[in-house]
Amino acid sequence: PAGRGLRSHAYIHSVQLSHHVFLNLHTLKFYCLPDNYEILDSSLEDITYVLKPTFTAQQISNLDKQAKLSRAYDGTTYLPGIVGLNNIKANDYANAVLQALSNVPPLRNYFLEEENYRSIQRPPGDIMFLLVQRFGELMRKLWNPRNFKAHVSPHEMLQAVVLCSKKSFQITKQGDGVDFLSWFLNALHSALGGTKRKKKTIVTDVFQGSMRIFTKKPAEEKAALLHKAEYQELMVESTFMYLTLDLPTAPLYKDEKEQLIIPQVPLFSILAKFNGATEKEYKT
């Protein structure tokens with residue numbers, strides 16, 4: 001049983017192994033067992049802050065104005081927000097997405113302050129809000145300037161992902177980063193109370209854009225067919241959370257050092273497909 005009672009695991013553990021200091025992870029209070037009294041000691045504050053970091057509005061506004069290195073308990077220095085996430089088994093695809101999202105300032109600032117989403121009402125029995133809570137906790141740990149180590153465990157966050165995605169994304173099995181990004185943004189938007197059209201959230205404010213898509217059928221005998229309605233140019237306006245780019249293909253042959261040289265292409269070149277002038281043919 002949980003708690004500090006005579007039959008609790010904590011009480012038995014304290015008697016058998018002489019481990020006497022215990023922390024309640026919900027109240028963040030320390031107790032000495034088996035004597036069962038609360039320990040009030042300011043030197044323990046570092047532990048509670050690592051478990052539940054907090055940020056003031058002033059601290060959040062200064063995050064991008066200063067690049068001050070922090071020193072972890074083990075002596076290593078790190079830059080808050082630029083820290084590693086443990087690869088528990090095969091969750092590196094999710095880690096890459098979570099780290100990228102943690103460095104999007106408006107999204108980061110929103111989740112660093114728990115008050116922004118604490119009062120959101122969800123239907124009884126809804127588990128999706130767990131994503132919001134765990135993502136907020138992970139964001140605050142990644143940006144904590146008082147970490148014990150220069151890396152953070154995403155275990156609780158990933159457990160919520162496995163549960164809420166109904167095991168579509170797992171810790172023990174590789175997944176596709178783009179698929180995970182798409183699912184996570186939409187799930188986060190929904191868990192924050194957002195809807196497809198009417199109700200916006202921080203997710204749609206930051207990521208959602210709108211694009212006009214012009215389509216027309218190619219006509220072999222243009223003069224005769226272009227006047228027909230089905231060959232006229234059509235315009236559809238569509239929203240998106242992210243856009244995909246066509247990256248150059250890797251070379252077939254290795255160089256003299258037995259390595260594949262990754263082609264270097266200017267970003268503006270691969271963004272040209274969205275310039276409103278470039279055309280591309282698709283089979284229908």
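This is a predicted model: local features need pLDDT of at least 70, side-chain atom pairs count only at pLDDT 80 or more; totals for chains, interfaces and linings use all residues.
User: What kind of aromatic pair do Tyr-73 and Phe-148 form?
Analyst: The structure holds 13 aromatic pairs, where rings of Phe, Tyr and Trp (its six-membered ring) pair if their centres lie within 6.5 Å, and planes under 30 degrees apart are stacked, over 60 edge-to-face and the rest tilted. Tyr-73 and Phe-148 have their ring centres 5.5 Å apart and 45 degrees between their planes, which makes this pair tilted.

User: How many residues apart are Tyr-73 and Phe-148?
Analyst: Helices (H or I, at least four residues) and strands (E, at least two) are DSSP runs numbered from the N terminus. Tyr-73 lies in the loop between β4 (70-71) and β5 (77-78), whereas Phe-148 lies in the loop between α6 (129-142) and β7 (151-152). The pair therefore links distant parts of the chain, and Tyr-73 is exposed, with a relative accessible area of 73%.

User: At what angle do the ring planes of Phe-169 and Trp-183 lie?
Analyst: Phe-169 is buried, with a relative accessible area of 10%, and the ring centres of Phe-169 and Trp-183 are 5.6 Å apart. The pair is tilted because the planes of the two rings lie at 45 degrees.

User: Which residue has Arg-4 over the face of its ring?
Analyst: A charge sits over a ring if NZ of Lys or CZ of Arg is within 6 Å of the ring centre and within 35 degrees of the ring normal. The charged end of Arg-146 sits over the ring of Tyr-49, 4.0 Å from its centre. Arg-4 lies 3.7 Å from the ring centre of Tyr-31.

User: Which residue in β2 is the bridge partner of Val-21?
Analyst: Two strands pair if DSSP finds at least two bridges between them, and β1 (residues 21-24) pairs with β2 (residues 29-32) in the antiparallel sense over four bridges. The two strands form a hairpin with four residues between them, and in the turn Leu-28 has a positive phi of about 60 degrees. Within β2, the bridge partner of Val-21 is Cys-32.

Notes: Residues are numbered from 1 along each chain as its sequence is written. Side-chain values use heavy atoms; hydrogens and water are left out. Buried means under 20% relative accessible area, exposed over 50%, partly exposed in between (1.4 Å probe, protein chains only).
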